[in-house]
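Me: Could you walk me through this structure, piece by piece? I'm new to this, so please spell out the words as we go.

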Amino acid sequence: MDLSALAAQNPDHWRRAACIRTLTLDAVGAANSGHSGMPMGMADVATVLFEKHLSFDASAPDWPNRDRFILSAGHGSMLIYSLLHLTGYADMTIDQIRNFRQLGAITAGHPEYGHAKGVETTTGPLGQGIANAVGFAMAEESLRARWGRKLIDHYTYCIAGDGCLMEGISQEAIGLAGRHELSRLIVLWDNNNITIDGAVSLSDRTDQKARFAASGWDVFDCDGHDPADIDRALGEAKASPRPAMIACKTHIAIGSSAQDTAKGHGALTDPKLIADTKAAYGWKYGPFEIPEDLKAEWEAIGSRGRAAREAWEAEFALQSATRQASFTRAFAGDMPPKLSATIKALKKQISETRPKVATRKASEMALEVINPIVPETLGGSADLTGSNNTKTADLGVFSPEDRKGRHIHYGIREHGMAAAMNGMALHGGVRPYGGTFMCFTDYARGAIRLSALMGVSVQYVMTHDSIGLGEDGPTHQPVEHLAMMRATPNCLVFRPADAVETAEAWELALSQKSTPSVLALSRQGLPTVRVDHKTRNMVAQGGYVLADAEGKRQAILMATGSEVAIAMAARDLLQADGIGTRVVSMPCWELFEEQPEAYRKRVLPGGPVRVAVEAAVRFGWDRWLFGERGKREKSGFVGMHGFGGSAPAEDLYAHFGITAEAVADKVKSLLK
């Protein structure tokens, strides 16, 4: 294509966009690694967006009412790094750009939340960003309804590529956005017709514009290299009453010999190619060199939103002290001071009444006292509301007709739900939790992993947590999923034994600011095992002595969730035979690992036989069975060794040998 004509038509714009393109070429070239083509192709779109539409202030990157910009096509990370540097974000120095993809730099290969200001979310796996963007937009709608337009009134912009739109999660996301008429969400599709393998037609023939329209979006087109046309499309999209997709027709790796080819997708590192491309741009400066006049123009763009930010701060100062404190607390992720007292009161009531309830019901009992005092919670379920027990009477339903509703019907979209909740948490001001069956952590796994990687507090309510769900059979019985979740760094997995532990788990989960939580909850009713009320949150220790041995301690039974009651019954059998037995409830391994060595030694002293009881596979239990002063020859496991079956829960427990009698027999066999 004729670059000279493009440059002549819009010379000022062309030079500003060239800053992005040349910084990309230099950074990828220096790293000998990266993705050059997308930042080069979308530089015009990004320049118009930041210059004329995006409301932000580079000097105040955490301003709550800023527009959010999400680069879903995260492989093109040099696009956002260039923009952040050029507009004047203090931490994105030219040295960070020079050290693109190097150890210790904030310019990672894919944008990572928490590394650099202005990076709103981690967008490595394709499709996550667009699904996050839906969550950002839902949070904005909810908060605008709660706080009013004077405090919350902004857009979420997302750049997505063909790869984002091919990933299945994208359909979950756009279907959800269309249903909820998220008019402040604008997706800019980098329509360049190229993926790593070659032309999109190698693998796909989807009419993306028709697909978005069928999902309830308004769809617009623009020439992705014509700034006036880009500006027009953005203006029309912002005026749309529905979520908007703009199909931006672009040329990947524009101006290079790799333009419009699969080679252009990846790293363009050949020195001659880089030199020739810069010459085609009319760029006469050295590597990483941005002339002062262009840097000043970009920094003016970065400060364009300062007046809006200062006006917002003035408006915020006019709010009552109580309202300011509540807003600030919610965006800081802090819990109301009365949460602890509220949970203590609930625990006391449970210990006194001793109900036999499923922990999914116990979770609902906890939420019934939590939701009224934590108004920023946004609950939801992936079409399993009545099974997950996530909706309490006070919440109402979030919808276009009622933005103040706080329970979201996500539909059968586990992955989309989890990713949207990440977006909500990252937006700030809301605390999302959502439910599905524990076995469908398989479907939500990609987003759960990113919750942990980014360090955001999202609560995953995963019910039907074992073979105890019964007749639905092995497809729904999550024998390996606890191990999978426990293997995830920076993720708290709670498997409470009764309603008391469930309340404590909820208090701990909501108190986390940088760690997601998985609450693994039972379908079947469980007896109250914490019958003696303790004001202290025992789950906070991860594992603790629930019942100690009478007489000489010869055995320690370790269990979680529904199997704690089985361990307690086994203890009764063993004590009746004169075998002193301790029961240790271990609702959260991660928190137990964090306890001091002296505490862990008191709970799991060396010497006694150890048996772990859990209706899941053994994987991971060996740490507690013959680590921590245990011995292999004096340890055993009672649980699952394969997949489950289809039958009533009690029949399955008997069939698979997860019974009090089997536990007692295991202990006796190890004592011989």
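Reply: Let me begin with a word we will need: a residue is called buried when its relative accessible area is under 20%, and exposed when that area is over 50%. Please also keep in mind that this is a predicted model.

Me: OK, so in β8, which residues point one way and which the other?

Reply: From β8, T377, G379 and S381 point one way, while L378 and G380 point the other way, and all are buried. The strand is mostly covered, since 5 of its 5 residues are buried. As a general point, side chains in a regular strand alternate between the two faces of the sheet.

Me: Which strands does β8 pair with, and in what sense?

Reply: Strand β8, residues 377–381, pairs with strand β10, residues 431–437, in the parallel sense over 3 bridges, and β8 also pairs with β9 in the parallel sense, again over 3 bridges. Towards β10, T377 stands opposite R431 and S381 stands opposite G435. In β9, the bridge partner of S381 is H409.

Me: What is the order of the strands in the sheet?

Reply: It is an open sheet of 6 strands in the order β9-β8-β10-β11-β13-β12, with parallel pairing. The edge strands are β9 (407–409) and β12 (492–494), each of which pairs on one side only. If direction is ignored, neighbouring strands of this sheet are turned by 20 degrees against each other on average.

Me: What about α15, which of its residues are buried?

Reply: In α15 the buried residues are L339, I343, L346, K347, I350 and S351. They cover an arc of only 135 degrees around the axis, which puts them on the same side of α15. On the other side of this helix, E352 and T353 are exposed.

Me: Which helices do the buried residues of α15 pack against?

Reply: They pack against α16 (359–370) and α21 (499–511). There is also a length check: at 1.5 Å a residue, the 15 residues of α15 (339–353) should span 21 Å, and its end C-alpha atoms are 21 Å apart, which agrees. The helix is followed by R354, whose phi is positive, near 50 degrees.

Me: At what angle do α2 and α12 pack?

Reply: Helix α2 (residues 11–31) and helix α12 (residues 292–302) pack at an angle of about 95 degrees, with their axes 10 Å apart. An angle of 65 to 115 degrees counts as roughly perpendicular, and α2 and α12 are therefore roughly perpendicular to each other. The contact is made by R15, R16, C19 and I20 of α2, and by D293, L294, E297, W298 and I301 of α12.

Me: Last one: where is D2?

Reply: D2 lies in the segment before α1 (3–9), and this residue is partly exposed, with a relative accessible area of 46%. From D2 to S585 there are 583 residues in sequence and 71 Å in space, C-alpha to C-alpha.

How values were computed:
Residues are numbered from 1 along each chain as its sequence is written. This is a predicted model: local features need pLDDT of at least 70, side-chain atom pairs count only at pLDDT 80 or more; totals for chains, interfaces and linings use all residues. Side-chain values use heavy atoms; hydrogens and water are left out. Helices (H or I, at least four residues) and strands (E, at least two) are DSSP runs, numbered from the N terminus. The expected span of a helix is 1.5 Å times one less than its number of residues. Buried means under 20% relative accessible area, exposed over 50%, partly exposed in between (1.4 Å probe, protein chains only). The arc is that of the directions from the helix axis to the C-beta atoms. Contact means heavy atoms within 4.5 Å. Two strands pair if DSSP finds at least two bridges between them. Axes are lines fitted to C-alpha atoms, for helices over the stretch in contact, and angles run from 0 to 180 degrees between N-to-C directions. Angles under 35 degrees count as roughly parallel, over 145 as roughly antiparallel, 65 to 115 as roughly perpendicular and the rest as oblique.
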